[in-house]
Amino acid sequence: MGRLSFDKLKDFFFGKQEGPETPETDETEDEDETEQAVAVPYTNRHPWGDFSLLQNLTPERLAEILNNVKSGECPAEYLELAQDIELKDLHYRSVLSTRKDAITGLEIKVVPASEEKRDMELADAVNRDIVKNTSAKLYALIRDMLDALAKGFSVSEIIWDTDKTPWKPAAYKFRDPRWFQYDKETGKTLMLRAPLGNELEPLKPFCFVVHEPHLISGNQITAGLAFPALYCWMLKSYDVTSWAAFIDRYGYPIRIGKYGKKATAQDRATLKRAVAAIGQDFGAVIPEGAILDIVESKHAAETSNVYKNMADWVDKQISKLVLGQTMTTDEGSSRAQSETHDKVRDDIADSDIQQVIETLNTALTIPYINLNFGRQENYPKIDLYKPDEKNIDQIIAAVEKLGPQGLKVKADEVRSLLGLANPEDDDETIGDRASYAPSESGLHPPGNETSKPGKPELNVEQTRASYELDTLVEESDGYVQISDDIAAVIEKAADHATDFESFREELQKLVKDWPPDKIAECIAVATFKARALGDAEFDKGEKTL
C-alpha cells in the first residue's frame, strides 16, 4: 500500500491537482506517517486499560469525574467508566446492543445525484469502492460508529489504498476514545492526545470518520447515554451489593446451639463447628445433650423484595434512556403493548439512521469523490434502508374477498409472496381450482346459505343472478331461435313506424299472410320475453316486501 503524506493529501484536496496520482513511496517513512492515531505503550495512548476505577468507585468520586467532564477536564476516566459499565451491566449492554442492531441490520445502497450519465458513473464508483469493498468492511465501520451512542463520539481512521487509482479505503480502524479529547477553548473540536504531555493534535483531514450523534444540545462530550447511565449504575451497584450481603446473612435460617452446664470446652468447640457447618453441609455432629435450634425469619422474604424492586426500577430507567420505552424489555408486557412501544423505538432508530447517513457521506463519500474525481456540484449519497416487508396474511385475505368480485391476480406473484416455485409439467402437485358441486335439484335457490363443500362462497346478489340464469336456461327447451326472416320483418316494420301504434299496424300488415308455424314462432318469442321480464319484476317486488 502506498503511503500518503498529510501535506500531499491536503494539497490535492484543495485543487492543486486535476486527478489522483499515486504519491511517491518512501520506504524510510515511519508507520505513524500513514496512521496518525496509533497506540503508544506507557503513554496517553496506551492500548490497554486496567478498568480498576469502576471497582473502587464511590459516589463522591463519580460526582468529581462527571463535574470534570462538564468542565472539559480528564474525560479519559469518564470514557473508561463508560466502557466498563457496558462490559459489566448486562441490562445496559442488552438494550444498547438492541439500539445498535436496529441500524446494523439495514441494507446499504447508493443513490446518484441525478439520472445524468456523469452522476450515475460517480454513484457506481462509490458503490464499487466503498459499499461493495468487502476488504474494508463498511458494516463493521457502521457498528463502530454507533459506539458514539454511549460515549458521545466515536472515531475510526480511514486507511487509504493509494497503490493505484482510484484511491479507495483499504480498512477502517476503530480508535480508542480515551485517546481523544475536545479542545478546551470551544469544546467543539475533537483532537488527538499527544503520546506525552497535555498537548492535543488536530486530526488529519480526510483520514477519520468521526461520528457525533446529536442526542442533546450542549457540549458533545456530555451527550452520550453513558453520562446519565453511570448515575443509575451507581444506584444499582450499591443496591445489588447490599442485596448480596442480605442474602449471605439472612438467606439461611438462624442457627442457635445450646449446651448444658457440664459441657466441656471441647464440647462447646464441637457445637460451634456444628453450627457453622450446618449452613453448608446441612448436617452436623453435636455432643449428646446439646441442643441446636433453627430459627426461620418471618420477614426476610418481604425485606429482600426491596432490593429486587430497586434493581428492577433502575433497569427500567436504563430502558427508557436507551430505547425510549420499557415494554419490549419488561416481563409481563402484552404483545399489543410491546408493538405500540416498538413504534417509539422506531422513531429513535430513524433519527440514528439519518445521522449515521450524514456522517458516512460527509466523512467518506465526499472525500472519496473529491480525491478521485475532483469537486462536484452534487454528490451521490450512501443510504441505509429497510427492505419492504409485505403482510402476506392481508394480501391473501384481500385476494379471497376481491377475487369473486372480479379482481384478477397473477399466480406467480402469489407464489413469490409465499416463497413457492412454479410447478413443472411432470411435478406432483396438490391443490386445484374449486369445483362446483350441484345439489340434487340443481343450484340452491336465492337466500339459501347452505353450500356444498368445495364451492366458493357467493354473496346474495351473485347467487340470485346465477339462479335466475340457470332456471331460464333449463326452461328454454321448447323455445326456438329467431330466424332471419322474422328479424327482417321486425326491422322493416321499425323503419316505417313512428310510434308504438304504427309499429303494431306495420307488423300486422307484414305477417297477415304468414303460415301458422311462423306465427307460432312469434308467439314463442313474446312469451319467452314476457316470462323473463315478469320473473325479474316479481323477484324485485318480493325483495322489497
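User: What is the relative accessible area of Thr-186?

Analyst: A friendly note before the number: this is a predicted model, in which local features need pLDDT of at least 70 and side-chain atom pairs count only at pLDDT 80 or more, while totals for chains, interfaces and linings use all residues. Residues are numbered from 1 along each chain as its sequence is written, and side-chain values use heavy atoms, leaving out hydrogens and water. Residues are sorted into buried (under 20% relative accessible area), exposed (over 50%) and partly exposed (in between), using a 1.4 Å probe and protein chains only. Thr-186 is partly exposed, and its relative accessible area is 45%.

User: How many helices and strands does the protein chain have?

Analyst: The protein chain has 545 residues, and 33% of them are buried. Its secondary structure comes to 17 helices and 10 strands.

User: What share of the accessible surface of the protein chain belongs to carbon and sulfur atoms?

Analyst: Accessible areas come from the Shrake-Rupley method with a 1.4 Å probe, and for residues only the protein chains shown count as cover. The protein chain has about 34,600 Å² of accessible surface, and the share of carbon and sulfur atoms is 52%.

User: At what angle do helix 3 and helix 4 pack?

Analyst: Two packed helices are described by the angle between their axes and the distance between the axes. The axes are lines fitted to C-alpha atoms, for helices over the stretch in contact, and angles run from 0 to 180 degrees between N-to-C directions. For helix 3 (residues 75-88) and helix 4, the axes are 6 Å apart and the angle is about 100 degrees.

User: Which word describes how helix 3 lies relative to helix 4?

Analyst: Angles under 35 degrees count as roughly parallel, over 145 as roughly antiparallel, 65 to 115 as roughly perpendicular and the rest as oblique. Helix 3 and helix 4 pack at about 100 degrees. Therefore helix 3 is, relative to helix 4, roughly perpendicular.

User: How many nonpolar, polar and charged residues make the contact of helix 3 with helix 4?

Analyst: Contact means heavy atoms within 4.5 Å. Here Ile-85, Glu-86, Leu-87 and Lys-88 of helix 3 meet Leu-90, Tyr-92, Arg-93, Leu-96 and Lys-100 of helix 4. Ala, Val, Leu, Ile, Met, Phe, Trp, Tyr, Cys and Pro count as nonpolar, Asp, Glu, Lys and Arg as charged, and the others, Gly among them, as polar. The tally is 5 nonpolar, no polar and 4 charged.

User: In which handedness does helix 4 pass helix 6?

Analyst: Helix 4 (residues 90-104) and helix 6 (residues 138-145) pack at about 145 degrees, with axes 10 Å apart. Ser-97, Lys-100, Asp-101, Ile-103 and Thr-104 of helix 4 meet Tyr-139, Ile-142 and Arg-143 of helix 6. A crossing is left-handed if the near helix is turned anticlockwise from the far one by less than a right angle, and right-handed if clockwise. The crossing of helix 4 with helix 6 is right-handed.

User: What is the phi of Lys-137?

Analyst: Lys-137 is in the loop between helix 5 (117-131) and helix 6. At 54% relative accessibility, Lys-137 counts as exposed. Lys-137 is not a glycine, yet its phi is positive, about 65 degrees.

User: How far apart in space are Pro-367 and Phe-206, C-alpha to C-alpha?

Analyst: Phe-206 is in the loop between strand 6 (200-201) and strand 7 (208-211), and is buried at 12% relative accessible area. Pro-367 is in helix 11 and is buried as well, at 6%. Pro-367 touches Phe-206, Asn-361 and Thr-362, leaving out residues up to four places away in sequence. Pro-367 and Phe-206 are 161 residues apart in sequence, but in space their separation is 5.9 Å.

User: Which residues does Leu-235 touch, not counting residues up to four places away in sequence?

Analyst: Leu-235 lies in helix 8 (residues 226-250) and is partly exposed at 27% relative accessibility. Its C-alpha atom is 8.4 Å from that of Ala-311, 76 residues away along the chain. The residues touched by Leu-235 are Met-310, Trp-313 and Val-314.

Key. Helix = DSSP H or I, 4+ residues; strand = E, 2+ residues; numbered from the N terminus.
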